[in-house]
Amino acid sequence: MTHTPDAEPPMPPLDLRRSVGHEGTAEFENPGGDLAFHDDIPEENYRSVLDFGCGCGRVARQMMLQSHARPERYFGVDLYAPSIKWCRQHLTRWDPNYQFARMNAHNPKFNPRGRQSAIPTRETFSLVNAHSVFTHILQRDVQFYFDECRRVLERGGVLRATWFMFDKAQAPMMHPYQHALYISLDDPTHAVIYDQAFVRGLYRQAGLRIFRVHAPAIRGFQWVVYGRLEDGDDVAFPTDEGPLGYAPPPE
């Protein structure tokens, strides 16, 4: 099946949208044809995209609907097999430049038999997106997966990632080797909250300059951190002054 300029890519079904926390369709739309991340990164960084934790194609669909700077190459990876199957059958068919692959990474809910797994490509990309991924990765695994994102990033490329963060200086009971808080005994991946200084250290050690940071839209929720593989000083993190709200992850 080929698409026409006026046709829109298929919309993921309700059950898959629920798996990423969106019952509605608004998060998958792009009615203005805008760049998926607006002016946060230059247009040239959309040339080749690795979507780490692509889910059922939220960002892929937004990029398909961009009026300009559409990716010449998009590669989405995720551990949830039904989402990858749907994306291959529907989004790749709509645009063959969009490819998807399953990672056999472990998650108690979505892939309980998985294990620590490398991103399944040796190519490099001008943009790596990790939206709502490190917010669910345990401390024992975070260095491995952060290094994997760095591995597939070309020089001058951008890593866009979201994080839950806190200030460890306000948690004096934590040991020096402890950098994360968890909200669930039954499933610690439900939400993982990292010390901000630890997160900054991950970027610095990987040679990524933090050039843009967005504080959470809801206080205490997801920070958006942009790092570029280049030399230079990091920008300062803003103060989290978002309104109080409620946004639990999918159960």
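This is a predicted model: local features need pLDDT of at least 70, side-chain atom pairs count only at pLDDT 80 or more; totals for chains, interfaces and linings use all residues.

Colleague: Where does helix 3 bend, and by about how many degrees?

Modeller: The bend is at Arg88 and amounts to about 35 degrees.

Colleague: Which residues of helix 3 are buried, and what do they pack against?

Modeller: The buried positions are Ser83, Ile84, Trp86, Cys87, Leu91, Thr92 and Trp94. Their packing partners are helix 1 (14-19), helix 2 (58-64), strand 2 (73-78) and strand 3 (98-102).

Colleague: How many disulfides does the structure hold?

Modeller: A disulfide is a covalent bond between the sulfur atoms of two cysteines. Here there are 0 disulfides. The sulfur of Cys87 lies 5.2 Å from the closest cysteine sulfur, that of Cys54, and this is too far for a bond because the cut-off is 2.5 Å. For Cys56 the closest cysteine sulfur is in Cys87, at 6.4 Å, again too far for a bond. Cys87 counts as buried, with 0% relative accessibility, and Cys56 counts as buried at 2%.

Colleague: How should I read a strand, and is strand 8 mostly covered or mostly uncovered?

Modeller: In a regular strand the side chains alternate between the two faces of the sheet. Strand 8, residues 208-214, is mostly covered, with 5 of its 7 residues buried. Strand 8 pairs with strand 9, residues 223-229, in the antiparallel sense over 6 bridges, and His214 stands opposite Val224 in strand 9.

Notes: Residues are numbered from 1 along each chain as its sequence is written. Side-chain values use heavy atoms; hydrogens and water are left out. Buried means under 20% relative accessible area, exposed over 50%, partly exposed in between (1.4 Å probe, protein chains only). Helices (H or I, at least four residues) and strands (E, at least two) are DSSP runs, numbered from the N terminus. Two strands pair if DSSP finds at least two bridges between them. The bend at a residue is the angle between axes fitted to the seven residues ending there and the seven starting there. Contact means heavy atoms within 4.5 Å.
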